[in-house]
Amino acid sequence: MMDMKILFVCHGNICRSPMAEFVMKDLLAKAGRNDVWVESAALHTDEIGSDTHYGTKRELTRHGVPFTPRRAWLLSAARASGYDLIIGMDRANMADLWRLLGPDGMAKCRKLLDFADIDRDVADPWYTDDFEATYSDVITGCEALLQHLPPR
């Protein structure tokens with residue numbers, strides 16, 4: 001039984017949020033934490049049904065982070081209610097979450113780099129094509145998140 005369910009979200013769910021999903025799953029596995037469930041979702045319909053972006057796959061492979069085929073899916077308020085923590089990648093994601101969940105739902109939403117006390121957005125490789133910078137942000141945020149998780 002899972003004690004905690006975490007959802008990473010970004011615009012299309014093909015670059016940043018699946019990168020965070022797979023990085024976090026890898027960190028949890030290495031820490032022996034099988035009590036946390038991790039997934040990722042989209043906040044817009046642009047890429048629904050698409051697998052993880054090839055640039056994200058390439059960067060995960062470069063760092064030895066395992067990943068599996070997946071399909072981007074759109075977060076709804078009903079599905080959001082099943083998660084304990086919803087983590088956005090940037091200010092736009094947080095605004096989208098606000099519109100979707102309202103003020104009460106925002107209590108369980110945070111930006112990824114907030115866990116590392118860094119006040120900026122995760123670099124978006126869709127626009128920059130710099131998946132290495134995105135990975136650096138994601139690993140920093142996920143390592144900090146791991147430290148913030150309640151003990152088993």
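Predicted model: local features only at pLDDT ≥ 70, side-chain atom pairs only at ≥ 80, totals over all residues.
1. **Geometry of the pair.** Helix α2 spans residues 54-62, and helix α6 spans residues 131-148. Their axes come within 10 Å and cross at roughly 60°. Angles of 65 to 115 degrees would count as roughly perpendicular, and those under 35 as roughly parallel. α2 and α6 are therefore oblique to each other. The crossing of α2 past α6 is right-handed.

2. **Who touches whom.** From α2, the contact uses Gly 55, Thr 56, Arg 58, Glu 59, Leu 60 and Arg 62. From α6, Phe 131, Glu 132 and Tyr 135 take part. By class, the residues of this contact are 3 nonpolar, 2 polar and 4 charged.

3. **The buried side of α2.** Which residues of α2 are buried? They are Gly 55, Thr 56, Glu 59 and Leu 60. These residues sit on the same side of α2, because they cover an arc of only 135° around the axis.

4. **The opposite face.** Turned away from the buried side of α2 is a face with the exposed residues Tyr 54, Thr 61 and Arg 62.

5. **After the helix.** Gly 64 follows α2. The phi of Gly 64 is positive, near 70°.

Methods: Residues numbered from 1 in each chain as written. Heavy atoms only, no water. Axes fitted to C-alpha atoms, helices over the stretch in contact; angles between N-to-C directions. Helix = DSSP H or I, 4+ residues; strand = E, 2+ residues; numbered from the N terminus. Parallel < 35°, antiparallel > 145°, perpendicular 65-115°, else oblique. Left-handed = near helix turned anticlockwise from the far one by under 90°. Contact = heavy atoms within 4.5 Å. Nonpolar A, V, L, I, M, F, W, Y, C, P; charged D, E, K, R; others polar. Buried < 20%, exposed > 50% of the residue type's maximum accessible area, 1.4 Å probe, protein only. Arc of directions from axis to C-beta.
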